[in-house]
Amino acid sequence: QVDAFLTISQEIDAELAEIGVPPERRVFVPNGVDLNRFCPLPAAVRRERRRQLNLPEGPLAVFTGRLSPEKRVDQLVAIWPAVRQIHPDASLLLLGDGPEAEALKRQAGTGVLFGGRVDAVHTYLQAADLFVLPSATEGLSNSLLEAMAAGLPSLVTAVGGAPDVIEHGLSGWLIAPDSTPELETAVISLLGNTTLQQALGHRARQKIVAEFGLDSVAAALYSVYTAVL
């Protein structure tokens, strides 16, 4: 009896199709991003932003989101000693809170930082070098969209809406879920390649501007509501 279903990923659209929702009642409208708030900064301003936030120098990877089992943050923390063998001054910043926070703090070694929940997450994204999201399951991650809008290269598992947003090797980097060796190799490789970081981040920003800005998403929602009414 529902007139329209809003889907945020091809995966969710396929699930609705599988239970018999016809195509004319399935409408793709993604999550939207504030392009003015989440935007890239020039290199000099990024360095100053990092100093303002008291973040260490050297390669900086960031995770933003809930510290819960499905996010697989434990895998990210587990590989960090190996990452630091190749990049001794590399840091991992975990922003967020959740049921695994205390266990992760006990597990974490040198170079892993916990920022807790922050309101101005965009300021940290603008100061980082790499966004990492190793989730086993996702819908369409707002954290991913925000990182891409901020011009960050994003290393994420190919689950949920990530493959819809990221073209591997062009606008981001996709890996299989629950593959710790692949995660470790990708983090080490991306942190050591600033040219690739810049290219992925630039194309990521272009993708979000073109398809995920708040204005375009609001217009799409308005069209759906108008049609239904």
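Colleague: Which residues line the second largest pocket?
Modeller: The second largest pocket is lined by T64, G65, R66, L95, G96, D97, G116, R117, V118, V121, S143 and E146. This is a predicted model, in which local features need pLDDT of at least 70 and side-chain atom pairs count only at pLDDT 80 or more, while totals for chains, interfaces and linings use all residues. Residues are numbered from 1 along each chain as its sequence is written, and side-chain values use heavy atoms, with hydrogens and water left out.

Colleague: What counts as a pocket, and what as a cavity?
Modeller: On a 1 Å grid over the protein atoms alone, a pocket is an open set of points with protein on both sides within 12 Å along at least five of seven lines, and a cavity is a set where a 1.4 Å probe fits but cannot get out; lining residues have an atom within 4 Å of a point.

Colleague: What volume does the second largest pocket have?
Modeller: Its volume is about 170 Å³, a volume being the space filled by probe spheres set on the grid points, which are joined across faces, edges and corners. The lining has three nonpolar, five polar and four charged residues. Here Ala, Val, Leu, Ile, Met, Phe, Trp, Tyr, Cys and Pro count as nonpolar, Asp, Glu, Lys and Arg as charged, and the others, Gly among them, as polar.

Colleague: And how much space lies in the largest pocket?
Modeller: The largest pocket holds about 580 Å³. It is lined by 25 residues, of which A43, R46, A128, D129 and Q197 are the closest to its centre. By class, the lining has ten nonpolar, eight polar and seven charged residues.

Colleague: Which helix gives the largest share of that lining?
Modeller: Helix α9 does, with six residues. Both α2 (43–52) and α9 (194–211) supply at least two residues each. Helices are DSSP runs (H or I, at least four residues), numbered from the N terminus.

Colleague: What does α9 meet in α6?
Modeller: In α9, G201, A204, R205, K207 and I208 meet L145, M148 and A149 of α6, contact meaning heavy atoms within 4.5 Å. These residues divide into five nonpolar, one polar and two charged.

Colleague: At what angle do α6 and α9 cross?
Modeller: The axes of α6 (residues 142–149) and α9 cross at roughly 115° and come within 7 Å. Axes are lines fitted to C-alpha atoms, for helices over the stretch in contact, and angles run from 0 to 180 degrees between N-to-C directions. The two helices are therefore roughly perpendicular, the class for 65 to 115 degrees.

Colleague: Changing topic, how many cavities of 30 Å³ or more are there?
Modeller: The search of the whole structure finds one. The largest cavity has about 50 Å³ of space, and its lining includes L133, E138, L140 and V156. That lining has six nonpolar, five polar and one charged residues.

How values were computed. Angles under 35 degrees count as roughly parallel, over 145 as roughly antiparallel, 65 to 115 as roughly perpendicular and the rest as oblique.
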